[in-house]
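Here is a friendly walk through a few local features of the model shown below. Please keep the sequence at hand as you read.

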Amino acid sequence: MTAPVLVWFRDDLRIADHPALHTAAATGAPIIGIYVLDEESAGVRALGGAARWWLHHSLTSLGERLAERGVRLVLRRGPAVRLIRELVTETGARGIHWNRRYGKPERDIDAELKSGLRDEGVDAHSHAGNLLHEPWTVQTGAGTHYSVFTPFWRACQALPAPRLPLPEPPRMTPAAVDIASDALTDWELLPTAPDWAAGLRTAWTPGEPAAVARLHEFLEDDLSDYDRARDEPASGATSMISPRLRWGEISPHTAWHAAVEVGGSARFLAELGWREFAWHTLFHFPALADDNLRPEFDAFPWPPLDPDMLVSWQRGETGIPLVDAGMRELWETGHMHNRVRMVTASFLIKNLLIDWRIGEEWFWDTLVDADAASNPFNWQWVAGSGADAAPYFRVFNPILQAEKFDPHGEYIRRWGGATSREPIVDLRATRQAALNAYEAVKSSQRPAR
DNA sequence: TGAAATGTTGGGGCG
DNA sequence: ACGCCCCAACATTTC
């Protein structure tokens, strides 16, 4: 009997344009798919509630699609290094393939596994599957990484164009090995008591087929007017592919080339670029979710947390219509329009003076698309402590933002943001207080004498 | 991928 | 006809 080859699925829950699966299938060896829910390894961030919901359904979809092609998806829960080594032994696999991850704890796990398995003669291979450009390949003239988006993106475009997406493997050999798998329901990824996921079920269909369908719907219906309409949260003109990219139901290569084929939109492609830039930043600054990227922000004088203020923000009860609408969209659907994310984040940080890390955690728990790079990257961008956040003391006025981008109040009405509640803070006074607090950052920049 | 304050300009009302 | 003032509209600077 031919020894099988394992394909370890992680943030790439798809069959098309999956370099690891494609390479493994091309060997002709029997294929076994693996997914490990790792809640134990050091440094690996526990999934948020909305993420767990998405993962459950996306794994269900992937498992069905693989099964239709004769391939099993084996589920295991525990520390990845130990479990993968056990699976290699149990199956007698002669090789294992995976697509790279770029967070530090995950890279450490993968590096340890790869060298350990290779020492034992197992053919362990990592592939580039989830970014258009590997983070270490984008370098300044001085050989350092980038800290400003525009030159970063220019450098990306000077590199060879992203490769074309790989097709679904034309043929996959089923494995005869019988091997135990956890039952997905035992992982208890779905909320019960209470079941808060009704809005998510209405808003989303996780899984690769729905991801591909939405991408093409977006390209046909929305790309031509994207530059203008993308900023209006009521328009429905954004791609909504962020969770699909987060879970790897489609690859950025697929999105890139599909958009280019229909004439492209520099603006849309640049949005893929911001995703690349976030991962580039995380790769070179692994503490992105914990530490200020700009260390002078360590001097920012956060006042003691007022829990009531935080709860008002989380529940969408601030009395600021656009903020409340956004926070309710988030709670209801696990998603929020990008412009409204900027406004709600700015409000938390600069009008409530609550540390960006606390907002980042809430988004991490409630967004279906939060990943380890984009979520902290964007929070730091709004806070001013992050990459390319100039001017770092920018304060959004949520009333003006609503006038500009939701002029008819359509988005605000849709999400019940138009309450008669009094604002919990005075925008003018709190803005001034935030600017005063930013003075501490400015003075800490000055060299000591 | 800001906002607010400050500066500049030019048209029109009016003595 | 002319100068003066007001102020909206736009541009620039500052936070």
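By class, the residues of the surface near DNA strand B are seven nonpolar, two polar and one charged. Here Ala, Val, Leu, Ile, Met, Phe, Trp, Tyr, Cys and Pro count as nonpolar, Asp, Glu, Lys and Arg as charged, and the others, Gly among them, as polar. Around DNA strand B you will find Phe149, Trp274, Met342, Pro391, Arg394, Val395, Phe396, Asn397, Leu400 and Gln401. A residue is near a strand if its C-beta atom, placed from the backbone, lies within 6 Å of it.

This is a predicted model, in which local features need pLDDT of at least 70 and side-chain atom pairs count only at pLDDT 80 or more, while totals for chains, interfaces and linings use all residues. Residues are numbered from 1 along each chain as its sequence is written, and chains are lettered from A and ligands numbered from 1 in the order in which they are written.

Pro391 sits in the loop between α16 (374–383) and α17 (398–405). Helices (H or I, at least four residues) and strands (E, at least two) are DSSP runs, numbered from the N terminus. A cis bond also joins Ala193 to Pro194, and Pro194 belongs to the loop between β6 (173–174) and α6 (198–203).

| Cis peptide bond | Omega |
|---|---|
| Ala193 to Pro194 | near 0° |

Asp17, in the loop between β1 (5–9) and α1 (19–26), has a positive phi near 45°. Is each of these two residues buried or exposed? Asp17 counts as buried because it has 24 C-beta neighbours inside 10 Å, whereas Glu188, with 10 such neighbours, counts as exposed. The cut-offs are 20 or more other C-beta atoms within 10 Å for buried and 12 or fewer for exposed, with partly exposed in between.

Now for a pair of helices. The axes of α13 (residues 321–333) and α14 (residues 338–351) come within 9 Å and cross at roughly 110°, so the two helices are roughly perpendicular (65 to 115 degrees) to each other. Their contact involves Leu322, Val323, Gly326 and Met327 of α13, together with Val340, Val343, Thr344 and Phe347 of α14; contact means C-beta atoms, placed from the backbone, within 7 Å. Six of the contact residues are nonpolar, two are polar and none is charged.

Technical notes. Axes are lines fitted to C-alpha atoms, for helices over the stretch in contact, and angles run from 0 to 180 degrees between N-to-C directions. Angles under 35 degrees count as roughly parallel, over 145 as roughly antiparallel, 65 to 115 as roughly perpendicular and the rest as oblique. Two residues are in contact if their C-beta atoms, placed from the backbone, lie within 7 Å.
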